Amino acid sequence: MGNEHIRVERIKTGKTKPSPDQLQFGKHFTDHMFIMDYDASQGWNDPRIVPYEPLTLDPAAIIFHYGQTVFEGLKAYLGGNGDIRLFRPDKNMVRMNHSSDRLCMPQIDESFVLMALKKLIKIDQEWIPNAEGTSLYIRPFMIATEANLSVSASHNYRFMIILSPVGSYYKEGINPVRILVENEYIRAVAGGTGTAKTAGNYAASLKAQETAEENDYAQVLWLDGVEKRYVEEVGSMNVFFKIAGEIVTPALNDSILEGVTRHSVLQLLHHWDLPVTERRISMDEIKTAYEAGTLEEAFGTGTAAVISPIGELNWDGYKMDINGGETGPIARRLYDTITGIQLGTLEDPFEWIVQVD
Ligand SMILES: *Cc1c(COP(=O)(O)O)cnc(C)c1O
């Protein structure tokens, strides 16, 4: 559907925009949204940008009962010249198709959807906040809309993009968080849906997250689902450790979600000629390193926070203080570099930025 015309229906009166200090994550939405529909005979059809409003769906729609849905998350930043900058959106489009394939959902035309996204952002560009650390969060997603209570892949789908101005993830500069190693619940196992961004993974994670928060921990560190020994991810971020000078992140397996930020961090570390390895890493190894005084840094990576330093790890009551609870030099350098590239204050040597013009 490469050149298909996108119909635009504008709102009559715009909503009031929140002031930058009121912004939280995912609470405010812009005036418009992008929609297209799919059915088996026509494929994707009727792409349109329309006023943001509630949907009407059949109560028997498959999304409500069997969770056939996928999503993405990326951001647009306002540069110093008023330029609108997307960070590696092509990667999100590819990942969405990977997720959709796992969930038996139809593929999208990546370049068409990127074009539609740019068009939507231009229409709502006044919603992009420009205070320091703020951005426009972009949520593309797809749902199964066929009314059918039998368990089978839907024949009908809706793809949508909504936009949400978001505040700075860090109120007072980047700050380390406390992390609880999760010993009871599991995020994903090989053969499951862990490599797909699909709702069920997040529904299944809520119980562990709630328990962590009750105990004053920000997130959980997920272990592998078979032996509960090997590190997988932290919350909905990928995770890195620096042990005796080596920077390590769990190698991609069949249960880890491949983050765009993870990929970017690896590229930067290689570019800086720092020793970095993708391999399995066990909690025993981390504890041994901690006891030897060689657990130098730990941090999570993801679109929302970019880099989230870990100041404490609690494994079954055994507390490990990392870098004195302070942000380490690698985490700091990665954060400053990636956010600098996103905002255009630093050069973009890898051509990560896609401008909306
Ligand atoms: C989205 C996500 C990440 C991070 O991916 P980014 O593309 O870097 O934002 C990591 N783990 C999980 C489970 C995720 O959902």
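Me: Which ring does Arg333 lie over?
Reply: Arg333 lies over the face of Trp272, at 3.7 Å from the ring centre. Keep in mind that this is a predicted model.

Me: And what about Lys287?
Reply: Lys287 lies over the face of Tyr318. The distance to the ring centre is 4.5 Å.

Me: Where does the largest pocket lie?
Reply: Between domain 1 (3–166) and domain 2 (177–341), because both give residues to the lining.

Me: How many nonpolar, polar and charged residues are in that lining?
Reply: 14 nonpolar, 12 polar and six charged.

Me: Which helices and strands each supply at least two of the lining residues?
Reply: Strand 7 (135–144), helix 5 (206–214), strand 10 (219–223), helix 6 (260–271) and strand 15 (295–302).

Me: Back to rings. How many aromatic pairs does the structure hold?
Reply: There are 11. One of them joins Phe25 and Tyr137, with ring centres 4.9 Å apart. Their planes are at 65 degrees, so the pair is edge-to-face.

Me: What does that pair tie together?
Reply: Parts that are 112 residues apart in sequence, because Phe25 lies in the loop between strand 1 (7–8) and strand 2 (32–39) and Tyr137 in strand 7.

Me: Is Tyr137 buried or exposed?
Reply: Tyr137 is buried, at 10% relative accessible area. Phe25 is partly exposed, at 48%.

Me: Which residues do ring pairs link into a cluster?
Reply: Phe34, Tyr38, Trp44, Tyr157 and Phe159.

Technical notes: Residues numbered from 1 in each chain as written. Predicted model: local features only at pLDDT ≥ 70, side-chain atom pairs only at ≥ 80, totals over all residues. Heavy atoms only, no water. Helix = DSSP H or I, 4+ residues; strand = E, 2+ residues; numbered from the N terminus. Nonpolar A, V, L, I, M, F, W, Y, C, P; charged D, E, K, R; others polar. Domains from an automatic or database assignment. Phe/Tyr/Trp six-rings, centres within 6.5 Å; stacked < 30°, edge-to-face > 60°. Buried < 20%, exposed > 50% of the residue type's maximum accessible area, 1.4 Å probe, protein only. Lys NZ or Arg CZ within 6 Å of the ring centre and 35° of its normal.
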